[in-house]
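This briefing concerns the protein shown below. Please keep the sequence and the structure in view while reading the points that follow.

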Amino acid sequence: SKNAVFFVDGAILMIGCIIIAGLYPALVISLFNPLRSLTSKQKSGRNNYFGKSLIVFQFTLAIGLVTASCVYYSQMRFISSSNLGYNPHDIIRIHLPPQRANANVVKLFRNALLTDPSVKGVAGATGISMGSVIANGKEVAVRTNSIDENYLSTLEIPLKEGRNFYALNAADSAGSTIVNEAFEKAAGWENAVGHQLRDVNERHPRTIIGVVRDYHYASLKEDIRPEVLNFRNTENIFVKVRNGKDIQAL
């Protein structure tokens with residue numbers, strides 16, 4: 001398997017580095033004469049200071065590398081054990097050029113991918129934009145994303161309230177939206193489903209049909225901000241593959 005080949009190559013590379021790194025010290029020790037060193041006077045001067053400086057530099061570099069490795073390990077362990085609110089594993093993101101990002105092309109591409117047994121799901125989402133909406137009589141700064149009906153299930157983002165978009169429901173595309181818990185809290189609603197919001201630049205409101213659990217769409221250092229998910233044509237394809245499988249359809 002690919003994992004076995006990776007570990008074998010890594011082991012060979014590590015052994016090779018150890019052999020190369022040990023050649024010079026072994027050569028120096030083999031030429032070392034203890035009796036001559038004991039009977040000769042200790043050298044002093046510029047060369048001695050230079051040698052001591054190199055030793056100090058080596059120890060400093062080693063300590064720095066060990067510290068960096070510990071920090072990296074702790075960060076990776078933190079990231080792998082953190083609950084992101086969705087499942088990012090085995091997801092492949094494919095960006096379609098704008099001239100190809102139409103409903104027919106996306107549909108054909110999705111159908112071709114779903115013929116592959118290694119593909120568990122295919123979803124779409126478009127670029128992120130920042131803006132503001134009016135909800136519950138107040139202006140709320142939001143992050144807006146456009147998704148299709150498969151996005152939540154493919155990324156395993158759970159619904160807290162309400163429902164997902166329906167592919168064959170024209171009303172969803174025209175006047176429905178999904179928000180996250182952070183938006184619900186910012187708007188001051190206990191249950192946002194059934195309420196309306198509108199973009200500050202639009203007249204027609206949208207009806208909230210569902211509320212998703214908060215998930216980390218940005219760095220873990222950033223707070224989860226209000227988000228609005230609209231239903232429309234998308235440019236980015238997200239492919240959920242089965243663990244360890246290759247997509248033959250591509």
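Patches are made of residues with over 30% relative accessible area and no salt bridge, with like charges joined within 9 Å and nonpolar side chains (Val, Leu, Ile, Met, Phe, Trp, Tyr) within 5 Å. A salt bridge is a side-chain nitrogen of Lys or Arg within 4 Å of a carboxyl oxygen of Asp or Glu. The model is predicted: local features need pLDDT of at least 70, side-chain atom pairs count only at pLDDT 80 or more, and totals for chains, interfaces and linings use all residues. Residues are numbered from 1 along each chain as its sequence is written, and side-chain values use heavy atoms, without hydrogens or water.

**Surface**
- Met14, Ile15, Ile18 and Ile19 form a nonpolar surface patch of about 410 Å² (Shrake-Rupley method, 1.4 Å probe; for residues, only the protein chains shown count as cover).
- Ile18 belongs to helix α1, residues 2-30 (helices are DSSP runs of H or I, at least four residues; strands are runs of E, at least two; both are numbered from the N terminus).
- Ile18 is exposed, because its relative accessible area is 55% (exposed is over 50%, buried under 20%, partly exposed in between; 1.4 Å probe, protein chains only).

**Interior**
- The largest nonpolar core has 15 residues, and Ile178 and Leu229 are among those with the most contacts inside it (a core is a set of buried Ala, Val, Leu, Ile, Met, Phe, Trp, Tyr and Cys residues joined through side-chain atoms within 4.5 Å).
- At least two residues of this core come from each of β2 (119-125), α5 (151-154), β8 (206-212) and β9 (227-231).

**Whole protein**
- The protein has 7 helices and 10 strands.
- Of its 250 residues, 30% are buried.
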